[in-house]
Amino acid sequence: AAQMDTERERKPHGAFASGATRGAAGRNEEIEPSSVMMIRTTSLGAAQMAVRAAMAERDGTPLTPAGAGSSRGKERDEGRLVFSFDSNDEGGAFVKFCETHRTLINAYVRQAKALEGPLEPLARVPRLLDFDNKRAFFRHRVRQHAAGERGGTLRVNVRRAFVLEDSFHQLRMRTPAEMRGKLQVQFAGEEGIDAGGLTREWFGCLCKEIFKANYALFSSSSAAGTTFQPNPLSYVNSEHLSYFKFVGRIVGKAIYDGHLMDAHFTRSFYKHMLGMPMTFHDVEAVDPAFYKTLVWMLDNDITDVLDLTFTAEADEFAKHLFGEDNSLAKTVELKPGGAEIAVTEENKHEYVALISEYKMIGAIRTQMREFLSGFHDIVPRHLISIFDDNELELLLSGLPEVDLDDMRAHTDYHGYSAGSKQITWFWDVVRSLESEDLARLLLFITGTSKVPLEGFAALAGIQGPQRFNIHRVQGETDRLPAAHTCFNQLDLPEYESRQQLKEKLLTAIQECA
């Protein structure tokens with residue numbers, strides 16, 4: 001934004017006036033060419049003024065000069081202004097300005113690649129950026145990271161019938177720098193030079209093997225077998241922890257090199273990869289019945305109703321480790337002295353948070369530690385942290401191809417009919433979505449962007465086949481749509497116009513998914 005004046009002189013007017021700019025997460029917003037020049041000379045210029053005003057008001061915070069010079073708020077660097085700010089203070093004038101004008105800021109970033117220059121500090125507030133801008137910035141940082149290493153060529157020669165075992169034994173002792181080298185794959189007994197095609201095929205073959213039940217590494221969290229998480233019984237494989245570290249490296253290698261994998265994990269798994277906090281809502285995708293119990297606890301007074309302590313039933317690994325008859329294999333304290341602490345109306349929120357965490361990671365903590373160790377060998381934590389859990393799935397698995405006619409044909413309605421005006425508006429809006437928003441819609445409703453190979457007829461929930469279904473919600477129309485991923489269910493209020501439905505739906509899938 002600070003380069004606006006000089007950029008305007010160097011670029012033809014049409015460079016920014018191509019008819020439309022992508023919106024907050026992919027939607028198109030038409031902008032008249034005459035308005036575009038006003039945007040470039042006023043709104044983006046206002047960002048610079050907001051920066052200066054904030055620095056003058058706060059004496060350098062939250063926005064400060066990129067260098068500790070005397071120019072108070074700006075520093076000349078090869079003819080451009082460079083700004084930095086305290087990302088912990090998200091109430092600053094610059095951040096507020098970018099929130100208000102998020103569509104325009106992202107359009108500017110997209111065209112001018114400003115994250116690689118004057119607006120790079122925005123990467124410290126990822127929620128302000130669209131996924132495609134984050135992805136472009138990530139690839140830029142990866143190229144910088146790779147330029148500082150000499151990993152050489154990483155050669156792999158594997159037998160198709162033993163692609164997982166051969167790859168594991170050939171790569172397990174490689175250093176992180178070697179793993180980040182240029183991959184070159186050869187399948188034993190086959191002619192061919194790897195110009196990229198064999199590498200993609202190798203990743204595909206590995207994906208199929210990693211999730212096979214006979215390796216006991218991952219287990220499906222849904223009846224459809226579309227999302228996976230570490231198997232708490234993986235200890236039946238004596239080398240399971242070494243394999244988890246290897247799988248973490250492979251997933252990291254795919255992301256680092258820009259390859260897609262047909263791998264879809266649970267939402268809590270992606271949050272683990274990013275170090276994001278989990279909430280009890282994440283339990284719904286793993287155990288919907290237990291989730292309903294937690295919701296009831298929070299919504300009702302439990303005084304003299306429940307007799308609970310801060311303990312949980314031991315997971316399978318504890319039983320394996322200590323033996324079925326050992327007391328340690330029967331219960332686990334959720335906090336020190338938890339067996340002596342009763343759950344009350346006053347402390348029930350703490351109990352729900354602790355029991356939810358244990359439910360989701362208690363039995364797979366060791367497996368996750370090894371996976372993350374391998375993953376961060378390849379992808380540094382600070383590089384991947386720009387994404388959220390939904391975006392990480394899109395980065396790893398790509399945007400899905402969605403047959404909207406098939407999706408509509410296999411949708412059930414409750415309280416609505418196929419001819420209801422809200423349903424007609426809904427499908428009109430869905431057909432207008434960009435690929436990124438369509439993927440977010442699937443994530444919001446089903447918990448994954450993956451479409452079953454057999455199409456939406458094979459969509460499944462936590463208990464078996466479960467078609468996509470839309471439920472009518474009566475009452476206030478200013479509410480956002482809600483979703484229940486374990487039932488592939490969308491709760492849609494009776495909105496009064498197509499525009500209102502579109503705005504509420506986009507807000508839900510972009511901010512709440």
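What share of the contacts in the chain with a separation of 6 or more comes from residues 24 or more positions apart? In this predicted model, the figure is 67%. The chain comprises 20 helices and 18 strands, and of its 513 residues, 50% count as buried.

Let me turn to helix α6, residues 163-171. Its buried residues are Val163, Leu164, Asp166, Ser167, Phe168 and Leu171. Their cover includes β7 (153-158), α7 (176-179), α8 (197-210) and α9 (240-257).

I come now to the aromatic residues. The structure holds 21 aromatic pairs. In one of them, Phe211 and Phe228, the ring centres lie 4.5 Å apart and the planes meet at 25°, so this pair is stacked. Phe211 belongs to the loop between α8 and β9 (218-220), whereas Phe228 is in strand β10 (residues 228-230); the pair therefore ties together parts 17 residues apart in sequence. Both Phe211 and Phe228 are buried.

Phe371 and Phe375 are also stacked, because their ring centres are 6.3 Å apart and their planes are at 10°. These two residues are four apart in helix α14 (residues 365-378), which means that about one helical turn separates them. Phe371 is buried at 0% relative accessibility, and Phe375 is buried with a relative accessible area of 0%.

One aromatic cluster is formed by Phe211, Phe218, Phe228, Phe244, Phe265, Phe269, Tyr270, Phe371 and Phe375.

Finally, two charges over rings. The charged end of Arg160 sits over the ring of Phe187, 4.0 Å from its centre. That of Lys335 sits over the ring of Phe310, 5.2 Å from its centre.

Notes:
Residues are numbered from 1 along each chain as its sequence is written. This is a predicted model: local features need pLDDT of at least 70, side-chain atom pairs count only at pLDDT 80 or more; totals for chains, interfaces and linings use all residues. Side-chain values use heavy atoms; hydrogens and water are left out. Buried means under 20% relative accessible area, exposed over 50%, partly exposed in between (1.4 Å probe, protein chains only). Contact means heavy atoms within 4.5 Å. Rings of Phe, Tyr and Trp (its six-membered ring) pair if their centres lie within 6.5 Å; planes under 30 degrees apart count as stacked, over 60 as edge-to-face and the rest as tilted. A charge sits over a ring if NZ of Lys or CZ of Arg is within 6 Å of the ring centre and within 35 degrees of the ring normal.
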